[in-house]
Amino acid sequence: MKLIINPIKQLKGQMTCPGDKSISHRAVMLGALAKGTTVVDNFLMGEDCLATVQCFKEMGVHIEGPVDGKLTIHGVGLDGLKEPARILDAGNSGTTTRLLLGILAGQPFCSILTGDDSLIKRPMARVTTPLTQMGAVFLGRQDNNLLPLAVRGGTLKPIEFISPVASAQMKSAVLLAGLFAEGETSVREPAISRDHTERMLRHFGAEVKVSDQTVTVQGRPRLAGVRFTVPGDISSAAFFMVAAAIVPGSEVTIQGVGINPTRDGILEVLQQMGAQLQIGNRRYQGEEPVADIKICGGELRSTQIYGTLIPRLIDEIPILAVAAAYAQGTTVIRDAAELKVKESNRIAAVAAELRKFGVMIEELPDGLVIQGGTPLTGASCRSYGDHRIAMAMAVAGLSARSQTIIEDAGCVDVSFPGFGDALKSLTVE
Ligand SMILES: O=C(O)C1=C[C@@H](OP(=O)(O)O)[C@@H](O)[C@H](O)C1
Ligand SMILES: C=C(OP(=O)(O)O)C(=O)O
């Protein structure tokens, strides 16, 4: 599938974004491990979350839907998963893989997990190493670093894990494994990463303590099914926030966006860049804060993005690089080496594709330097099979001087099915 983007006059109107991807994955996982029924509304019907649903069905969990965003999970309890007869396929999803490895580590059975061409290149030793310390046995290429991975789980012992990277996937893998260990399992991070696992564990009835950068979970909790609505995904809203910000005269309101403080770095950065952004109607959906976000087009200025802000906006860096290309001055992004091990090497992909629009951009080992303010020409872009690169480059084309084409853009369905239609519905040509 190709996305063809013609320069537009304005973006105007109201929209909602699909459900949060991180929260949707966790809802399936904890719903399966709970006793009783969990009903989730606004579940993300993206390919990544559907892969998670399929993996749990393979382990004997009865799941209905998703139909129109409603998913019903008939939980089997902490000890109720069954040995899967088939290889579990996480598709393109790092979150499915790493969190599921944490759960598989605690199962008294054998399982094999694999994924697509991108996922089988992404590092997994970051989770298999602590999970091995807890007592799980893995077999995989490069010292248990690469999928496909075979897992023999079993009785686990709790650990105090000091994580070298601020990664919610690493933290969550160890905390989920900690559910199957007697006693307290803790994870200390160098900076705080998204805390959806911690919030949702509490919602299902687990005991979770947080102090500074350390999270502790008490093993063998009684998890009970819950009902909740998944907030709109701020990482999907990000494309429309930046689109509205860079196209003069635009005015877009995105309703029901998750604004969890461990995820809201983009709001801070866009405000620093001078974007006209209003956050209103703040409320809670379950354990998660949400709000309506209104954003209007105008002049942007460059900024610096680094340090503890990075984990709070890690998935928004490709689209923030597009905002930087339209901003006056030089934007510097540092401390983001993690971008090299996402669905693509996002530092290299953003640099290569924005150069095609005529943007002066330099790659750093851990970031990017972007010279903004020069008008962009249209470009013919690759997606690298990476949903966030495809959507970021589509947005870059909205205010360019000629047509932009994104090849191989079907990958947007990983996190944002209907992205193209949502864009069209707000476009004033
Ligand atoms: O836990 C999660 O749901 C996620 C954590 C982040 O990855 P890392 O933990 O690798 O930083 C993020 O990039 C990913 O899209 C989703
Ligand atoms: C990095 C991402 O996801 P995952 O790690 O789950 O593949 C993402 O959605 O940008």
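The legends below describe several views of one predicted model. Residues are numbered from 1 along each chain as its sequence is written, while chains are lettered from A and ligands numbered from 1 in the order in which they are written. Because this is a predicted model, local features need pLDDT of at least 70 and side-chain atom pairs count only at pLDDT 80 or more, whereas totals for chains, interfaces and linings use all residues.

View 1. Helices (H or I, at least four residues) and strands (E, at least two) are DSSP runs, numbered from the N terminus. Along the principal axes, the C-alpha atoms fill a box of roughly 60 × 40 × 40 Å.

**View 2. The surroundings of ligand 1.** Among the residues around ligand 1 are Ser 22, Gln 169, Arg 194, Asp 315 and Glu 338, a residue being near a molecule if its C-beta atom, placed from the backbone, lies within 6 Å of it. Helix 3 (94-104) and helix 6 (168-178) each give two or more residues to this shell, and helix 6 gives the most, with 3 residues. The shell around ligand 1 divides into 2 nonpolar, 7 polar and 3 charged residues, where Ala, Val, Leu, Ile, Met, Phe, Trp, Tyr, Cys and Pro count as nonpolar, Asp, Glu, Lys and Arg as charged, and the others, Gly among them, as polar. At least three residues come from each of domain 1 (3-19 + 231-428) and domain 2 (21-229), with bounds from an automatic or database domain assignment.

**View 3. The surroundings of ligand 2.** The shell around ligand 2 includes Asp 48, Ser 93, Lys 342, Glu 343 and Arg 388, and its residues divide into no nonpolar, 4 polar and 5 charged. For ligand 2, too, domain 1 and domain 2 each supply at least three residues.

**View 4. An open sheet of 4 strands, in the order 18-19-21-20.** The pairing is mixed, two strands being paired if DSSP finds at least two bridges between them. Strand 18 (304-305) and strand 20 (360-364) stand at the edges, each with a single partner strand, so one side of each is left without a neighbour in the sheet. Strand 20 runs antiparallel to strand 21 (residues 367-372), to which 5 bridges join it, and Glu 363 has Leu 368 of strand 21 as its bridge partner.
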